[in-house]
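Here are some notes for a first look at this structure. Please read them with the model open.

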Amino acid sequence: MSVQLLPPIGMLAELTHRCPLQCPYCSNPLELLKANRELDTSTWIELFNEAADLGVLQVHLSGGEPTLRRDLEQLIAALAGRGVYTNLITAGIGIAEGRIEALADAGLDHLQLSFQGARAETTDLIGNMRGSHEKKLDTARRARAAGLPLTINAPVHRLNIEQVPEFIDMALGLGAERLEIANVQYAGWAIANRNALMPDRDAVLRQMDIVEAARERLVGIMNIDFVPPDYFATYPKPCMGGWARDAFMVTPDGTVLPCHAAQTIPSLTFERFPERGLAEIWVDSPAFNAFRGTDWMLEPCRTCDRREIDWGGCRCQAMAIAGNASATDPACVLSPLHGRMAALVEEAIATAGPSDARSPEALIWRRIGGAPTAEGHETRQGAAVLAE
């Protein structure tokens, strides 16, 4: 039976694709939007008001780097005025003195800070920026001094997976209430860099044991969320809680999506705000209804006991690996293509260099404009971070 349509409670707002870092695992699409395509202040505020009217209780402000929006304080204040919880997801680079305090004064509820490594050399390499690690540490300290709850986000992949114990120690030292060990999911720039980023199974299993032991040790001190890698899964995760089930996201130009990578499904057309209202899109959009509930499912999903647990898993992953967005997520052991996930891991391990942060040659750096390439200035610049 198909799920009952309920109002959304969560929203991810990608305010901009601009970012000072060039992380090769970024979930943004390969075609990044320039500043002249971003919604203006009044349109974002109008969108946030419609989101609150629709029932949204929390908004995650992301990018790119959201602090590059000069109107961020206004946007946070508008959400706070509607009683909506705000979480700022930031790289923590280039935030002017006094601005974190201004964001807190505007009503910001929480700050989520990403670290590309637990070591300075790794952070600087993966973000392709010298000195970025120290700037992030400073941002964390300023956020805590401003009284903001702090989450440290650690996107984990082949180049930093052995640093998980150091991530835990670092988050504790910074006074974070929460640490998210988020294994990279292969969409956006990460899929372009899959062979360079994919860890091996033994490293993943070691990481899981370390996280579980730390969770038990730190009960009541720091929460640790763990996002396992789909390519090593037995069953899939419910992507975004299920396709258009209780959350959605908005891109910098106002395109409303059920998830980050939804635009990789070529059969779907997505609508923009304010050309159409959020409530209309949520209820009536053919793209939102395409994989909502369970009626769309094929076998073995249609009769599976887990169909209302994982809601079919990731449609974008099915598209990328099976070539059919309606297919069973290949992460599921019941998928006839489950073995293809293991084959892709083996291919990545066979072609990748040493599993440390000193082999950047194969990385494709995230950048606005033009098709991504593993050659040229971006790669040489990354290698130079560790050479100097």
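1. Start with cysteine 23. The model is predicted, and in it cysteine 23 has 9% relative accessibility. Buried means under 20%, so cysteine 23 counts as buried. Cysteine 23 sits in the loop between β1 (10–14) and α1 (41–54).

2. What does cysteine 23 contact, leaving aside its neighbours within four places in sequence? The partners are Gln116, Ile126, Gly127, Trp189 and Arg366.

3. Cysteine 26 lies in the loop between β1 and α1. Its relative accessible area is 13%, and cysteine 26 is buried. Not counting residues up to four places away in sequence, cysteine 26 touches Ala187, Gly188, Trp189, Ala190 and Arg366.

4. A record bears on these cysteines. An unreviewed UniProt entry places the feature "binding site" at Cys19, Cys23 and Cys26.

5. Now turn to helix α9, residues 201–217. The helix has 17 residues and spans 25 Å from its first C-alpha to its last. That is close to the 24 Å expected at 1.5 Å a residue. At the start of α9, a side-chain oxygen of aspartate 200 comes to within 3.2 Å of the backbone nitrogen of aspartate 202.

6. Which residues of α9 are buried? They are Ala203, Val204, Gln207, Val211 and Ala214. Seen down the helix axis, the buried residues of α9 fall within an arc of 95 degrees, so they line one face. In an α-helix, residues three or four places apart point the same way, because there are 3.6 residues a turn.

7. The buried residues of α9 pack against β5 (150–156), α6 (164–173), β6 (178–183) and β7 (223–227). The face turned away from that buried side carries exposed Asp202, Asp209, Glu216 and Arg217.

Notes:
Residues are numbered from 1 along each chain as its sequence is written. This is a predicted model: local features need pLDDT of at least 70, side-chain atom pairs count only at pLDDT 80 or more; totals for chains, interfaces and linings use all residues. Side-chain values use heavy atoms; hydrogens and water are left out. Helices (H or I, at least four residues) and strands (E, at least two) are DSSP runs, numbered from the N terminus. The expected span of a helix is 1.5 Å times one less than its number of residues. Buried means under 20% relative accessible area, exposed over 50%, partly exposed in between (1.4 Å probe, protein chains only). The arc is that of the directions from the helix axis to the C-beta atoms. Contact means heavy atoms within 4.5 Å. A polar contact is a pair of N or O atoms within 3.5 Å; within protein, one must be able to donate a hydrogen and the other to accept it, and residues adjacent in sequence count only if both atoms are side-chain atoms. UniProt positions are given in the numbering used here, feature names are shortened, and annotations may be inferred rather than shown by experiment.
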